[in-house]
Amino acid sequence: MIKSKKLVTFAVLCAFTAAASFAQEVTFENELSSDLVSIDISDDNTESTFAGFKNEVTAEYTSDKLDMGVTLIVDVNQEDDDAISIGSDGFVDDYFIEFRPIELLGIGFHKGYNVAGSYLPCLEKEIDASNIGSDFGLFVYPLEGLVISGGVDFISYLGRDDTKPLVNFGAEYAVGEMVTFGAAFRNIASDERSIGAYASFTGIENLTVNAGFTYKGELEDYFIAGNLINAAVTYEAGAIGISADAVFAVGGDEDFENELYLAANVSYQINDAFTVILAGAFTNDFDNDDAWCIGVNPSVEYSITEHNTVGAGVNVGIMKEAKNISFPIFWKYVY
C-alpha cells in the first residue's frame, strides 16, 4: 500500500514538471502547525504532553485539458515510550488527476467532487457523503453549470456473490450565480449506501447559505453519525466575517454517537496585515447528559508578506469531567 502511494506521488510530481512549460494555473500551499503542548485537566490529575508538529503541503495544476493535485503530510509526534516519530502511513493524504479528451467529458482518477451545499465553513470541510467522485470515474459536462459523475472505488468486484462493487454517482447544477443544488449516491449497491441532497444559495452579495440532508452520513471529527441535517451560513461585511455551522443527526447509534454539532466563527481584519478571530463549537449527545463538549478558540493572524502568514491562539475544550488546553500556532506559505 505504501509503495503504491509513493509511485502515485512520483507520477504526479513528474506530471507537474512536464506540465510546467504550458501550465495555465499552478497553486501551492505549505502549512507548518502545532498545538505546542496539550494539557489535560481532570478532578484527579493534570497531565501535559508534547502536541507534535504537522507539515501539510498541497500543490495543484489546472488547465483546459488537465487538472491534478497532491497533498502530502509529515507528522512529528511523541510516542507512549517517549520516542519521537517522524512521518506516518498517511504521508500521501490525497491526490487526483482528471483529464478531458473532449470538452464534454472528464476522466478522473481519485478525483473528489463535493456537491455545493454540504460545505461547513467553520470546520473547513464538506460532508463526506456529498462526494460524487470516485477512485475511477467519469465526469460529464453536458450543459453550462451541470456536472454528472459516476464511477467505482477500489477495490470493487463484479460477480462475487458476497461482495458488492463500490459504485458512486451524482450530479450538481448551478443556476447562474444564484443557487447550486445536487445529489450524491455513494456505495449505492450495498446496504452501507449513503444518499445526500444539498443546495447552496449565493444570490446576495457576500452571503452564502448552505443546507442539505444525508441518509447514513457521518461527521467523523465530532463523532456524529446517522441521518444528517446540515446548514451553514457565511457573511462578509467590510472587515467583519461571520460564519456558522449546524449538523443534527437522527437515527445514529444512541450509545456511542453525538447528535448535535454547532459552531460559529467571527473574524475582524484590523488592517491589511492583522486579523483577530474568535471561534467556538458545541457538541452533544441527547441520550447522555454527560456527553456535551464546548470548544473555544481565540486567535490572531498576521500577514508578513503577500505569501507568508503566521498565527497563534488558545484552544480550550470543556467537558463535564475534563478540560483540555492547547496553544495552536502556524506558519503558512501560499503561492
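D153 is buried, with a relative accessible area of 15%, where buried means under 20%, exposed over 50% and partly exposed in between, using a 1.4 Å probe and protein chains only. The model is predicted, so local features need pLDDT of at least 70 and side-chain atom pairs count only at pLDDT 80 or more, while totals for chains, interfaces and linings use all residues. Residues are numbered from 1 along each chain as its sequence is written, and side-chain values use heavy atoms, with hydrogens and water left out.

**Salt bridges**

- A salt bridge is a side-chain nitrogen of Lys or Arg within 4 Å of a carboxyl oxygen of Asp or Glu, and by this rule the count comes to eight.
- D153 pairs with R186 in one of them, at 2.9 Å from N to O.
- This pair links distant parts of the chain, 33 residues apart: R186 is in strand β14 (residues 179–186) and D153 is in the loop between β12 and β13. Strands are DSSP runs of E with at least two residues, and helices are runs of H or I with at least four, numbered from the N terminus.
- R186 also counts as buried, at 15% relative accessibility.
- D290 and K320 form another salt bridge, with the closest N and O atoms 2.7 Å apart.
- D290 is partly exposed at 37%, and K320 is partly exposed at 49%.
- D67, E98, R100 and K111 are linked in a network of salt bridges.

**Nonpolar core**

- A nonpolar core is a set of buried Ala, Val, Leu, Ile, Met, Phe, Trp, Tyr and Cys residues joined through side-chain atoms within 4.5 Å.
- The largest such core has 17 residues, of which L120, I127, L219, I224, L228, V247 and Y261 touch the most other members.
- At least two residues of this core come from each of β17 (224–237), β18 (240–250) and β19 (260–269).
- With three residues, β17 gives the most to this core.

**Backbone features**

- Most residues other than glycine have a negative phi, and most peptide bonds are trans.
- L36, which is not a glycine, has a positive phi of about 60 degrees.
- The loop between β1 (25–34) and β2 (37–42) holds L36, which counts as partly exposed at 35% relative accessibility.
- E124 also has a positive phi, near 60 degrees.
- E124 lies in the loop between β9 (119–120) and β10 (125–126) and counts as exposed at 64% relative accessibility.
- F154 and I155 are joined by a cis peptide bond, with omega about 0 degrees.
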